[in-house]
Amino acid sequence: MSTLQISQVSRWFANVVAVNDVTMTIGPGVTGLLGPNGAGKSTLIHMMGGLLGPSTGSVTLDGDVIWRNEQIYRRIGLVPEREAMYDVVTGWEFVLANARLHRLPDPEGAAERALETVEMTGTQDRGIAGYSKGMKQRIKMATALVHDPPVLLLDEPFNGMDPRQRLQLMELLREMGRQGRTVLFSSHILEEVEQVASNIQVMVAGRHAASGDFREIRRLMTERPHQYTIRSDDDRALAAAIMTEGSVSGVQLTSTGRGIGTHDGGGALHVQATDFAAFVRTLPPLARRHGIRLYEVAPADESLESVFSYLVSR
Amino acid sequence: MNGTVARLTARGLLGRRRALLLLLLPAVLLSLSAMARGLAGADQQLAVTLLGGFALGTLVPLLGLIAGTGAIGPEIDDGSIVYLLTKPLNRHAIVVTKFAVAAAVVTVLGALPTFAAGLVLTGTSANLAVGYAVGTAVAGVAYCALFLLLAVVTRNAVVIGLLYALVWETLIGQFVPGAQALSIQQWSLAVTERIVGAPAEQLGATSAVGLATAVVLLVVVTAGATWYAGRQLRTIRLTSEV
């Protein structure tokens, strides 16, 4: 049972702050590190994996500093995001080389077990250069597991995998978690994270935005205010009607100058709904009651970034 | 030293078609020497021109550049060095191993062919074969250490290495006497000069630096560069998305 402790860690590159005053504890079980691209997930994983030093703060594993501590790798397995390996060798040779680099007492046995775990024994004698993306991912996984580490760090492991490989890897990660290992993986896809991780840490723009179990995060994300853009044949009348609804906190009219209330000019109504389920239910009957024709109802901010930025500004 | 690191390095360095490219340079040296011997007979002056100008002046710096940067540069560029870095291995042991593999490659493909070319050109007369073989061997070792360090500290190691070997040592070194004091080629030539002995002066195989200075500088550069590369590898930053 191992615990990673990140205490008030910041990391900047020249004048760009990649990780900003993050404190989190990662214990046994599977933890998902969720955040949009550029949120600092990789930087954080690199610091947990000892490949980067924190500019300030400390990253420790069971009390031992990770940065510049080569012996820490007896307890950490890292699956990097980049695909490059020593592809002049076969899968077997590469995993075996990793076992030997760890100076394991029985490198052949360890390599065999690791390849069995990732189900690559059938193709282990082919050159790595000829592997598919999913096979490479599994070989990378085998190199990280070869010394049976209590801590496993994976940087965007699901990237580029097909659905079947994704399910296999998810099951493997769950199994690692059940065995009591501390497993941490990064992803920018909430569905991916909530299917595997019992615990979620959310990073946005270098900051630690939220943490907890996935139900909590899911609730935060669905209960946030939702923005809609609506076009109709009488935006102004619709705006007035909408404001009488309890599920709405704000309405804004925009026009391109060709006349509000006409359908020709691309004018639109921007609605902020506090309870999106209720709003979506009441909008159509409301429009019908006032004799307004709806042309378009579109959620304005469903991108992951806006979900995350809401979590940060909360 | 680490056997597994050595094997991975050697396979990366000699794998695929790179070994053939590396063989090309000594093949050129040997065929030039055979042609020279066939056309001009055993000519010591010609031997010094070929061994000094081509073997020591071009072949070994280029081999040192290819092997020294190639032993570690590609792994740093594509990120696969992470598999060595995430192991309980001493960083100095990684660098020393890679340096040893590169130095062995340059010795086998640079110094040995130089010795053979010397024998072809002049037999064993005036110690030219042995002199240039030892000279190119120590030069190769020093170039490997220097260029391996370059590959650790900069992504532009090959360009900087080429500028150093071709522009600084060959071009500027020819016209600016002071520049010769800072030249692996000149330091190695001092070793060659000593082994060749008295005929060296007459043949023009003389170095701009004294033997003692040369040996000290060769040792300092080789050991210093290797040590510093190990130190830099400890804190190396791999490019990745932030």
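Two strands pair if DSSP finds at least two bridges between them. In this predicted model, strand S1 (residues 4-13) of chain A pairs in this way with strand S2 (residues 16-26) of chain A, through seven bridges. The two strands run antiparallel. They form a hairpin with two residues between the strands. Ala14(A) takes a positive phi there, near 50°.

S1(A) has another partner in strand S4 (residues 56-61) of chain A. Five bridges join S1(A) and S4(A), and these strands also run antiparallel. Here Ser7(A) stands opposite Ser58(A). In a regular strand the side chains alternate between the two faces of the sheet.

Aromatic contacts were examined next. A pair of aromatic rings is described by the distance of the centres and the angle of the planes. Over all chains, the structure holds six aromatic pairs. One of them links Tyr86(A) and Phe94(A), with ring centres 5.9 Å apart.

Together, Tyr86(A), Phe94(A) and Tyr83(B) form one aromatic cluster.

Helix packing was examined in chain B. Two packed helices are described by the angle between their axes and the distance between the axes. Helix H3 (residues 44-70) of chain B packs against helix H7 (residues 128-153) of chain B. The angle is about 25°, and the axes are 8 Å apart. H3(B) is therefore roughly parallel to H7(B), as angles under 35 degrees count as roughly parallel. The crossing of H3(B) past H7(B) is right-handed. By class, the contact between H3(B) and H7(B) has 17 nonpolar and eight polar residues. It has no charged residues.

Definitions and conventions: Residues numbered from 1 in each chain as written. Chains lettered and ligands numbered in written order. Predicted model: local features only at pLDDT ≥ 70, side-chain atom pairs only at ≥ 80, totals over all residues. Heavy atoms only, no water. Axes fitted to C-alpha atoms, helices over the stretch in contact; angles between N-to-C directions. Helix = DSSP H or I, 4+ residues; strand = E, 2+ residues; numbered from the N terminus. Parallel < 35°, antiparallel > 145°, perpendicular 65-115°, else oblique. Left-handed = near helix turned anticlockwise from the far one by under 90°. Nonpolar A, V, L, I, M, F, W, Y, C, P; charged D, E, K, R; others polar. Phe/Tyr/Trp six-rings, centres within 6.5 Å; stacked < 30°, edge-to-face > 60°.
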